[in-house]
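Hello,

Here is the structure I promised to pass on. Please have a look at it first, and then read my notes below.

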Amino acid sequence: MIKLPVALACSLTALITVNPIAGHAQTTPPELNITRFSGPSVTPSPACLAVAPTGEVFVGVDREGSLGRAPGKGSILKLIDQDNDGKMDRHTKFAEVDNPRGIIVMGNQVFVLHTTFSKETGKATGMALVVFEDKDGDGKADGPPQPLIEHLSNSKYIQERGTDHATNGIRMGIDGWIYIAVGDFGFHDATDRSGKKLTMLGGGIVRVRPDGTEMEVFTHGTRNVYDVAIDPYMNVFTRENTNDGGGWNVRFSHHIQSGEYGYPVLFQHFTDEIIPALADLGGGSGTGALYMSEPGWPAKYTDVPMMADWGRSMLYIHRVTPDGPTFTQKEEDFIPLPQITDLDVDGSGRLYLSAWDGAGYSGSDTIGFVVRAVPNNWTYKAFPDLNKASVSELVDLLKSPGAVARLNASQMLLQRGGQEGTAAALKIASDAQLPLYARVAGLYTYAQAAGKDGIAALVELTKDAAMREHALRALADRKGIIAAVPEQPFLDGLKDPSPRVQAAAIVGLGRLGRTDAATALLQTKVPASFTAPVKDVEGPHATPNAAIVLPHLAVRALLELHAVDAVVAALNGSHAPLALWAMRYMHEEKVVNGLIGAYQRSKDQKLKKQILTTLARLYKKEADYDASWWWGTRPDSHGPYYKAVLWAGSPQIEKFLKKEALKVPARMDNFRELDARHRMGIAAFAPIKKEEPVAAKEPKVDLEKIKSKKGQVGKTSIEDVLLAVKQIKGDPAKGKILFANQGCNACHSLTRAEKMKGPFMGQIGSIMNRERIAESILKPNASISQGFATVTITAKGNKTYMGFVTEETAAKVVLRDITGSVYTVNTADILSRKEMKTSMMPEGLANALSFEEFASLVSFLEKQKK
């Protein structure tokens with residue numbers, strides 16, 4: 001048993017029992033008062049939370065965690081602080097749901113996103129967005145929920161893995177839409193209440209009306225986005241999850257409607273085509289998000305996106321600065337909280353945060369808590385009961401400086417209906433003396449209440465420079481009425497000096513669906529930054545590029561308009577660059593014919609080269625997604641497609657490219673590069689086989705033999721080893737040697753230059769603290785790193801493989817086994833695939849080490865923060 005100094009032991013005990021965010025007291029903002037609101041006896045494994053404007057806290061408890069796959073361990077709890085002292089006084093079980101991932105409280109309705117299970121089989125059937133009601137106010141849902149969207153994630157992967165990359169947080173904007181963070185499991189045939197179906201390969205943001213209709217994709221191409229933050233002007237921000245060493249770290253993004261963000265097939269080698277993230281933040285694991293905009297908070301802590309990072313145990317603030325139609329940002333540490341999962345604020349300015357606190361990937365019955373944070377000078381001021389408020393009182397709240405008050409007042413006015421509230425909302429929107437946030441709240445309230453009858457007034461508001469952007473967005477917001485919306489305000493918006501107005505006009509023209517707008521859209525200039533990354537170099541997928549946003553949106557609008565004739569015609573003029581960009585996604589024989597014809601007519605060598613590139617891109621297309629393939633912790637990211645297939649235009653493209661290549665044999669290398677970049681697989685362009693240099697042998701280590709050795713670490717309890725690591729600093733230089741000697745480099749890479757193997761260790765110090773690194777070595781099965789779970793594959797020919805997946809494409813799976821041997825299995829040969837519950841990293845690998853050696857290994861890994 002390791003003995004701690006008495007003073008240190010006492011101070012640690014005090015920290016654990018008193019401080020709600022133990023271990024981080026030194027960095028807690030001094031302007032805030034933070035109290036533990038509830039503990040694990042009530043809120044173990046809190047995956048999400050939401051707060052009513054009046055302060056009732058709804059916590060989604062998930063004792064199955066992200067990797068558990070059984071029903072019956074999730075619930076929504078309603079917590080109440082009766083005396084407003086920052087501690088829960090009573091609670092009720094509001095509803096039982098599995099794997100709750102997102103909650104919105106609006107009046108007596110509680111919207112919940114959660115995993116669904118079959119009562120007959122006990123297996124997951126997907127995810128659903130549902131709404132509960134509590135009309136009698138007893139703190140319990142009145143009955144079963146009403147489904148709004150069903151099948152909102154891929155049941156295949158939830159059954160195989162759990163809910164870790166499924167569909168996650170939900171938040172309502174002042175426009176009245178519910179915005180849904182879709183993880184990279186994606187979904188197939190998600191169905192809203194009107195019967196509308198959607199399929200999405202990969203992650204992004206989907207939105208739906210509160211009645212479960214009008215479901216649509218808002219943005220696409222993110223990885224495991226967990227939640228969204230929405231500002232008063234409908235700017236949407238996310239902090240996306242890390243890519244487990246595959247080259248895409250945590251990213252902070254500004255989501256612009258219709259935008260494509262590139263994951264996984266465009267973000268490395270086709271970054272000229274995407275809207276890049278605003279920052280690559282290194283390792284971590286983004287979770288809950290909130291745009292804080294409440295009075296009473298210190299100015300430096302309000303009007304900012306607040307983003308939780310579970311992996312870094314920190315709530316961050318992102319300082320966003322306008323940059324054309326988008327932003328730039330600067331990240332700041334804010335509130336440390338062990339494995340923070342979510343946050344929300346009420347109408348009185350009380351911020352609540354939930355902590356997973358080490359509950360593990362499969363949840364816990366005994367770990368997890370919720371805290372409340374308020375400014376030091378905060379005093380409780382009751383938020384009014386909106387059910388009892390008059391229309392004039394609701395209108396006053398619609399002008400409030402608090403975003404919570406404005407949103408809830410807006411929804412209550414809409415629920416009430418009536419001409420008085422509608423007219424008052426328009427009056428607010430039209431009042432140039434009011435703050436812009438109030439005018440925008442009035443505009444969206446009016447647009448929702450008036451519907452088609454409000455078009456004329458919204459058109460009039462487009463003449464107000466301050467409101468033009470928002471009026472254009474509101475005019476094109478609802479597909480059900482756009483047939484009556486005039487096109488001219490949007491065409492005028494294209495010429496506005498404000499790039500934000502131009503962006504709203506471009507997106508709106510795409511939504512209006514009138515192909516005559518294509519000519520105007522094609523005039524959008526393509527900047528010099530529209531350049532493909534050089535061969536084998538990852539492009540700037542997380543470098544702000546305001547200049548690319550407008551042409552990107554114009555391309556997306558042209559695709560929505562299906563403007564084939566317009567883009568083909570534009571090949572002959574000055575707008576050819578944007579037309580060619582749009583053609584990359586138009587798998588139409590008319591487009592192929594147009595490209596070949598333009599090539600044959602043109603004498604412009606630059607244009608001819610661009611046409612060849614476009615034809616190479618069109619040679620294949622993405623296979624129709626049927627939910628039976630695609631996902632992995634490290635999906636094939638070469639691009640431009642994940643599962644490419646030939647189509648009707650492929651033979652004509654192949655014939656033409658071969659013919660052109662033969663005309664000038666010296667150019668054959670150019671065609672080989674085109675083939676390799678776009679993975680056409682045309683035999684005539686296959687690279688010339690060269691004698692391969694002898695490759696350096698990778699270390700082949702028998703991990704079973706290593707773990708059998710006995711030493712000081714192996715003879716001591718895990719708890720005492722962890723205490724020793726706290727006291728012993730260790731030598732990182734010795735740790736580097738041990739990393740190799742213990743066989744760690746057989747399964748882990750330290751630099752991007754190395755071939756990716758198991759979980760990437762080059763940034764582990766920015767993801768885990770010292771204690772968690774030590775624990776993950778000593779107890780690898782407690783929290784299996786993504787991509788390092790043991791997979792067993794049976795294949796044709798009576799073959800069986802066991803290992804962890806190091807690479808996966810639509811055509812093959814590459815595994816590394818416990819001895820370091822590598823196997824490639826053709827997807828077509830796989831008969832079954834099963835993920836085991838144990839890590840490929842066996843326990844006992846550090847048993848032969850002394851405390852000093854183990855501390856040195858941990859110190860070395862702790863410094864890996866690339």
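Two strands count as paired if DSSP finds at least two bridges between them. Helices (H or I, at least four residues) and strands (E, at least two) are DSSP runs, numbered from the N terminus. This is a predicted model, where local features need pLDDT of at least 70 and side-chain atom pairs count only at pLDDT 80 or more, while totals for chains, interfaces and linings use all residues. Residues are numbered from 1 along each chain as its sequence is written, and side-chain values use heavy atoms, without hydrogens and water.

Let me begin with a sheet. Four strands form an open sheet in the order S1-S26-S25-S24, with antiparallel pairing. Its edge strands, each pairing on one side only, are S1 (32–38) and S24 (340–345). Five antiparallel bridges join S24 to S25 (residues 351–355), and valine 345 stands opposite leucine 351 in S25.

Next, a loop residue: threonine 524 sits between helix H11 (518–521) and helix H12 (546–561). Threonine 524 counts as buried because its relative accessibility is 15% (buried means under 20% relative accessible area, exposed over 50%, partly exposed in between, with a 1.4 Å probe and protein chains only). The side chain of threonine 524 reaches the backbone oxygen of leucine 521 at 2.7 Å.

Finally, Leu612, Thr613, Ala616 and Arg617 in H16 meet Phe671, Leu674 and His678 in H18, where a contact means heavy atoms within 4.5 Å.

Best wishes

Terms used. Polar contact = N/O pair within 3.5 Å; in protein donor to acceptor, adjacent residues only side chain to side chain.
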